Amino acid sequence: MGTKYVGKPIPRIDIDKVAGDAEYAYDFTLPGMVYAKLVAAPYAHAKILKIKYDEALKVPGVLAVFTGADFPFKVGIYAADRDVLAREKVLYYGHPVAAVVAETLEAAEKAAELIEVEYEPLPPVLDALEALKPDAPLVHEKLHEYKHAPFIYPKPGTNIATHLKLRKGNIEEGFSKADVVVENTYYEPLISQGYLENWVGIARVKSDGTVEIWSSHQSPFAVRNLLATSLGLPIHKVVVHHMYLGGGFGGKAGLLLEHIPVLFSMKLGGRPVRLELNREENYFYMAQRAGYYFKMKTGVTKDGKLIAHKGEYILDAGAYADYTVNVARSVGLKPFGPYEIEHVYADAYAVYTNKIPTTAFRGFGLMELYFASERQMDLLAKKLGMDPVEFRLKNVLIPGKSITHTQERLREDAGDPAGAIREAAKLIEWGKPPEQPKEPWKFRGKGIAAFWKGPVQPSNAASSAIVKLNDDGSVDVLVGTGEMGQGTITALAQIVAEELGIPIEKIRIAPERRTDMVPYTWQTVGSRGLFSEGQALIRALEDLKSQIKKVAAQVFRVFEDQIEIRDGKACVVGEPWECISLAEMALGYMYPNGNTIGGPLIGRGSHVPVRTSIPDPETGKSVPAPFYTFGAGAVEVEVDLITGRVKVLKAVMVLDTPAINPMLVAGQVYGGTVMGINIGLLEELKFDKNGRLMNPNFTDYKLARAADIPEEMIFKCLGVGQKDAPYGAKGVGELTMLPWPGAIANAIANAIGVELYELPMKPDKIIEEVKKQRPELLEKVREALKVKG
Amino acid sequence: MAASKSIIVFHTLLPEFEYFRPKTLQEALELLDKYKGDARILAGGTDLLVDMRMRLKQPKYVIDIKGIDELHTLKYEEGKGLTIGATVTLDELLNNKIVKEKYYVLWDAIRQLADTHLRMKATLVGNICNASPAADSAPALLVLKAKVNIASVNGTRTVEIKDFFKWVKKTILEPNEMVTSIFIPEPPEGAKGRYLKFVRSAEDLALVGIAALVANPKDPAKRIVRIALSSVAPTPVIVEEVEELFKQDKPLSELAEEAVKLVKSKVSPITDVRATKELREHMVEFGTRYLLKTLLEG
């Protein structure tokens with residue numbers, strides 16, 4: 001595109017992370033800071049009878065012990081369903097039931113052990129399907145009293161936190177036209193976001209009533225808004241400080257535990273209070289990712305056209321539903337992959353259970369959905385006797401023509417869904433059978449999955465940006481987006497460099513934010529950062545440039561349209577020797593006699609999504625997102641029937657979008673691929689029969705290690721841009737992990753003829769299913785391992 | 001994690017303890033004798049400190065033996081065997097030529113034990129004293145017929161490694177005793193060994209670990225076959241009957257089939273957070289088959 005900075009693999013500007021002097025919230029301390037320690041309940045569901053803490057108060061250094069009674073109100077994101085500390089009942093094993101604040105963490109931990117609680121155990125409900133039964137124990141008896149957002153539909157008297165509906169066409173008519181129908185239930189367990197930086201929050205209340213908080217979060221403005229709303233504070237009296245974030249993956253979107261240190265500080269005369277979680281606490285006190293049941297019935301005509309899809313999606317939301325109610329909206333409004341289906345009928349439920357609370361996770365339910373729906377696609381193709389790639393191409397959405405599941409006609413520059421599938425197939429050498437290894441217990445197969453996603457956000461999710469020109473022609477950029485490793489600030493700097501013709505080194509985008517000093521952005525989620533901030537920033541740069549031109553036009557006595565900005569200078573068009581540098585006019589241009597015009601130049605720009613609308617509550621009809629990124633992933637796997645392990649030998653990802661920085665996109669693709677593969681193969685939160693989480697640690701919650709990364713990862717951006725996106729670029733962050741569990745399951749089926757409907761596809765499951773579905777394979781392996789002689 | 005009565009506290013900090021760093025073994029043994037059940041030995045600390053933070057162990061006294069020179073022995077005597085002192089780290093063993101050449105099965109196990117960072121701190125003796133059923137070094141030491149040298153203020157004693165483990169995380173050590181070294185005799189002439197570790201990801205704990213040692217497979221008179229396993233019983237186990245079995249002058253194919261049956265019958269895996277009983281049984285069978293084929297035919 002003839003650009004100098006945009007589209008180039010420019011190294012990240014946040015190199016202080018490598019140097020070791022990057023500052024994270026966990027590093028932050030304040031003078032006079034005191035420590036809070038939470039105390040948890042060892043029951044999944046129990047009535048609290050009595051809490052005794054006089055012994056705890058006697059420990060030297062202890063300032064206070066708090067219980068639920070000290071905070072008689074609820075907080076929450078979309079529904080106020082969360083106690084500050086458990087009141088009346090504990091709702092899950094590990095539910096904070098009391099807290100100690102002390103001068104030191106040592107004293108706090110010592111005192112915490114001395115707290116005693118009496119309970120009356122209640123029967124817990126530990127499975128989402130059980131929770132839907134009419135006689136199931138209720139997690140929240142007073143659901144009818146809870147305040148909630150208008151687009152959330154809780155059902156008082158049940159465990160349903162929300163119910164979302166999507167209706168397109170006429171489902172009965174659809175199935176009556178179907179020649180082949182595939183019906184399955186898929187299951188995916190609760191998992192954890194697995195970020196490295198445990199959560200921390202440090203809060204203080206100043207004498208003027210200002211509440212200040214430093215915490216590990218993705219979105220400073222969301223924390224401010226939710227904190228102010230939950231605690232009834234004026235927005236401007238809440239100042240949220242954002243620092244580098246050591247990973248979020250959705251688990252640090254919205255309000256986390258910030259209200260706890262804030263409330264404690266309020267009770268302690270404004271003293272700074274630090275609540276830091278260790279790894280176990282992070283598993284029990286932070287929200288994890290929901291579990292899923294996907295019931296799917298999909299019909300297709302004999303010529304291979306998808307005609308009807310009926311889905312019932314049940315999300316195990318745990319004790320508090322946080323963002324999971326909105327994740328239900330995400331899978332409810334996009335109940336199938338990037339294919340056109342005339343008749344669609346879907347219900348999505350988020351259901352309370354007595355498990356750990358759940359919230360957002362990278363991909364917002366769609367990786368989970370595509371595991372199920374891309375399995376459906378392969379199973380349908382098999383029944384039809386059609387090639388899975390050909391079957392997908394026959395049904396894939398066509399920009400400008402297709403009507404989506406939410407009855408939106410796809411804009412003509414929406415992207416290249418078919419191209420992504422075709423290219424992924426080409427790169428994995430689809431159609432060429434994999435070379436089988438010499439060990440007769442290893443089997444190889446290929447699999448593919450397609451995906452699409454746009455940000456799941458309110459129709460008014462806004463962003464803004466400010467660009468300040470400095471004395472020497474350098475630039476400070478102020479944005480509200482969080483930096484959590486995704487690299488948005490580098491990409492934004494590239495845009496500034498391109499637009500002003502100045503080197504990257506002359507641009508600063510600080511990683512720190514404070515909500516009273518940077519312009520607003522709704523949230524750093526949904527792969528929306530670059531798309532939204534990018535547009536706001538381009539408008540801010542336009543604003544700045546018009547001010548530059550105005551000054552230069554006056555200096556050169558020409559019209560403003562006769563000024564162009566190049567290489568950090570404003571020049572007369574056609575006379576590149578007639579220029580003033582940006583430095584000369586940054587603070588006001590001064591004539592030789594001292595007269596000055598202009599003034600400090602500051603550009604401002606805003607963005608709100610265009611055309612997006614609120615879904616109809618009965619049908620889901622809407623334009624839910626300002627863009628969709630389309631793509632496909634393909635893998636070649638090797639299944640080892642001695643170990644039961646599945647190894648991804650080669651992973652291919654194709655995205656339809658252009659890249660502002662191909663190196664950053666590569667980082668996202670590699671990270672997302674490793675994460676998606678690992679979730680497909682290993683990750684699960686395991687609960688015992690009493691609802692106790694058994695693996696709250698990295699020993700048994702298995703994250704991928706360096707040696708687990710596939711040897712061959714290939715990715716390609718097709719460069720098909722959307723016109724209103726910054727340089728055409730759409731979001732990629734979450735997209736990079738969406739296809740993997742589905743593609744791997746399809747590849748396993750092609751390798752060993754075993755169909756899987758559950759995650760993770762761990763050794764236990766592989767061997768169990770081989771025994772059920774293909775026992776002769778194990779006989780073959782036994783035979784091959786016979787000792788000769 | 002301390003689940004005292006009615007609450008859980010997930011501790012960030014270690015419990016309070018008194019710390020000693022003796023310079024001599026005698027000093028360490030005297031401290032151990034003085035504090036008996038209230039003291040723990042600290043070597044690498046990769047198990048002890050974790051257990052202390054989790055409040056699984058709360059010693060009042062911690063005796064750090066890393067300052068005792070005589071416990072840092074790593075000595076090979078031709079024709080006799082290898083002595084590995086209590087503070088010798090796994091990383092030191094991994095970089096030792098004798099271990100790799102003479103005691104390959106042990107080297108193979110250490111190579112797969114934990115990760116690079118932990119191996120720089122963790123010790124072989126610590127791995128044994130922690131007595132985890134999943135201890136990677138244990139099956140290798142069992143097939144190598146290692147001996148454990150134990151000391152207390154009352155003197156020293158030596159036990160066979162197979163008699164050292166009592167139960168999950170329990171050894172035969174008396175409260176005033178500590179392991180000073182492990183002695184591994186010269187392996188049988190021509191012995192080859194392998195440690196097969198079943199894992200979920202790279203650098204994992206063993207779902208099942210199988211060590212096999214084979215010498216002179218084609219010669220019934222001189223043939224030695226030993227198999228030991230981890231993570232399939234309350235302690236690491238050696239299936240001693242396998243060695244007897246292979247002394248018989250029968251076709252290898254037949255003996256191997258019988259050995260697989262024998263191994264399966266001598267283990268009792270359970271379902272836990274890491275794997276199901278069924279998967280472990282599969283691993284025991286197919287892992288044993290794989291090792292026998294590789295080592296007997298090779």
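**Domains, chains and local features**

Guide: Chain B is divided into domain 1 (18-64), domain 2 (69-185) and domain 3 (192-297), with bounds that come from an automatic or database domain assignment. This is a predicted model, in which local features need pLDDT of at least 70 and side-chain atom pairs count only at pLDDT 80 or more, while totals for chains, interfaces and linings use all residues. Residues are numbered from 1 along each chain as its sequence is written, and chains are lettered from A and ligands numbered from 1 in the order in which they are written.

Visitor: How many residues of domain 2 of chain B are in contact with domain 3 of chain B?
Guide: 23 residues of domain 2 of chain B are in contact with 23 residues of domain 3 of chain B; contact requires C-beta atoms, placed from the backbone, to lie within 7 Å. The C-alpha centres of domain 2 of chain B and domain 3 of chain B are 21 Å apart.

Visitor: And which element gives the largest share of that side of domain 2 of chain B?
Guide: Helix 8 of chain B, with five residues. Helices (H or I, at least four residues) and strands (E, at least two) are DSSP runs, numbered from the N terminus. By class, the side of domain 2 of chain B that touches domain 3 of chain B has 17 nonpolar, one polar and five charged residues. Here Ala, Val, Leu, Ile, Met, Phe, Trp, Tyr, Cys and Pro count as nonpolar, Asp, Glu, Lys and Arg as charged, and the others, Gly among them, as polar.

Visitor: Now helix 1 of chain B. Which residues are buried?
Guide: In helix 1 (residues 25-35) of chain B, B:Ala28, B:Leu29 and B:Leu32 are buried. Buried means 20 or more other C-beta atoms within 10 Å of the residue's own, exposed means 12 or fewer, and partly exposed is in between, with C-beta atoms placed from the backbone.

Visitor: Why do they line one face?
Guide: Seen down the axis of helix 1 of chain B, its buried residues fall within an arc of 95°, so they line one face of the helix. The arc is that of the directions from the helix axis to the C-beta atoms. As a rule, an α-helix has 3.6 residues a turn, so residues three or four places apart point the same way.

Visitor: What covers them?
Guide: The cover includes strand 2 (39-42), strand 3 (61-64), strand 6 (147-152) and strand 10 (178-185) of chain B.

Visitor: Strand 7 of chain B: in the open or buried?
Guide: Of the six residues of strand 7 (residues 155-160) of chain B, the number buried is zero, so this strand lies largely in the open. Six bridges join strand 6 of chain B to strand 7 of chain B, and the two run antiparallel; strands pair if DSSP finds at least two bridges between them. The hairpin between strand 6 and strand 7 of chain B passes through two residues. B:Ile150 has B:Arg157 in strand 7 of chain B as its bridge partner.

Visitor: How do the two chains meet?
Guide: 38 residues of chain B are in contact with 46 residues of chain A. On the chain B side, the largest share, eleven residues, comes from helix 11 of chain B. The residues of that side divide into 21 nonpolar, nine polar and eight charged.

Visitor: One last spot. Why does A:Gly454 count as buried?
Guide: A:Gly454 counts as buried because it has 24 C-beta neighbours inside 10 Å. A:Gly454 sits in the loop between strand 20 (442-453) and strand 21 (463-469) of chain A. Beyond residues up to four places away in sequence, A:Gly454 touches A:Pro624, A:Ala625, A:Pro626, A:Phe627 and A:Tyr628.

How values were computed
Contact = placed C-beta atoms within 7 Å.
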